[in-house]
Amino acid sequence: MGISSILSVDEAEPRLPELNVVDVRTPGEFASGHVPSAVNVPLERVEGSLAELRSAAESGPLLLVCASGARSEKGAALLASHGIAAASLTGGTRAWAAAGHRLEHPPGPGPVRAVWGMERQVRFTAGALVLLGLALGLLVHPAFQLLSAGIAGGLVFSALTDTCGMAVALGRLPFNRRGAAPHG
């Protein structure tokens, strides 16, 4: 049975047993709750996991999931460019949970502390750095305003290229790597 490039929660939920669900969020985001039976392959590791993903796609349709659907759409496009069919879950885990479906959490000691989604982490970090640059520019030396200008330039570059260096850097922080699933 084929699979379209985008599935809604209502389309995906009854098909969950036949789908190979791949969550492309960071390990920390994955640990804070994911679609049942999902495996974690962060978006930046998808290209390095092509052999495993191709094998999974041969055993059943791939469904990529992230927080909102944006990263999973990028992942599905990347896989398609390598000849691997995959769908993206519209609205991601937010839509899944909002529809009343349960999220799984990896086993571990104690309660799982929620990790902010990557987009929220980037907005917070960029905003904090802009404010820091402005404050230091006013209080210490005007050259510190270059920090704010650099962040603004990075945001423009990120929008134009649809990439985000800050997200890559933040994804490497320990709290975003917590609960990483072994792969490949």
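## Burial and overall make-up

Of the 184 residues of the protein chain, 36% count as buried, a term that here denotes under 20% relative accessible area with a 1.4 Å probe and protein chains only. The model is a predicted one, in which local features need pLDDT of at least 70 and side-chain atom pairs count only at pLDDT 80 or more, while totals for chains, interfaces and linings use all residues. Residues are numbered from 1 along each chain as its sequence is written, and side-chain values use heavy atoms, with hydrogens and water left out.

The secondary structure amounts to nine helices and five strands, taken as DSSP runs (H or I of at least four residues for helices, E of at least two for strands) numbered from the N terminus. Along the sequence these elements follow the pattern β-α-β-α-β-α-β-α-β-α-α-α-α-α. Among contacts (heavy atoms within 4.5 Å) between residues at least 6 apart in sequence, 66% join residues at least 24 apart.

## The sheet and strand E4

The five strands form an open, parallel sheet in the order E1-E5-E4-E2-E3, where pairing requires at least two DSSP bridges between two strands. Its edges are strand E1 (6–7) and strand E3 (39–40), each of which pairs on one side only.

Strand E4 (residues 62–65) pairs in the parallel sense with strand E5 (residues 86–89) over three bridges, and four bridges join E4 to strand E2 (residues 20–23), again in parallel. Within these pairings, Leu 62 has Ala 86 of E5 as its bridge partner, Leu 64 stands opposite Ser 88 in E5, and Leu 63 of E4 stands opposite Val 21. Both faces of E4 are covered, with Leu 62 and Leu 64 buried on one side and Leu 63 and Val 65 buried on the other. Helix H4 lies across E1, E4 and E5 and runs at about 140° to E4, the angle being taken on a 0 to 180 degrees scale between N-to-C directions of axes fitted to C-alpha atoms, for helices over the stretch in contact.

## The largest pocket

The largest pocket holds about 750 Å³ of space, a volume filled by probe spheres set on grid points joined across faces, edges and corners. A pocket is an open set of points on a 1 Å grid over the protein atoms alone, where a 1.4 Å probe fits, with protein on both sides within 12 Å along at least five of seven lines; lining residues have an atom within 4 Å of a point.

Its lining comprises 28 residues, of which Arg 71, Lys 74, Met 118, Cys 164 and Ala 167 lie nearest the centre. The elements giving two or more residues to this lining are helices H4 (70–81), H6 (118–139), H7 (145–161) and H8 (165–171), and H6 supplies the largest share, six residues. By type, the lining divides into 13 nonpolar, six polar and nine charged residues, where Ala, Val, Leu, Ile, Met, Phe, Trp, Tyr, Cys and Pro count as nonpolar, Asp, Glu, Lys and Arg as charged, and the others, Gly among them, as polar.

Technical notes. Buried < 20%, exposed > 50% of the residue type's maximum accessible area, 1.4 Å probe, protein only.
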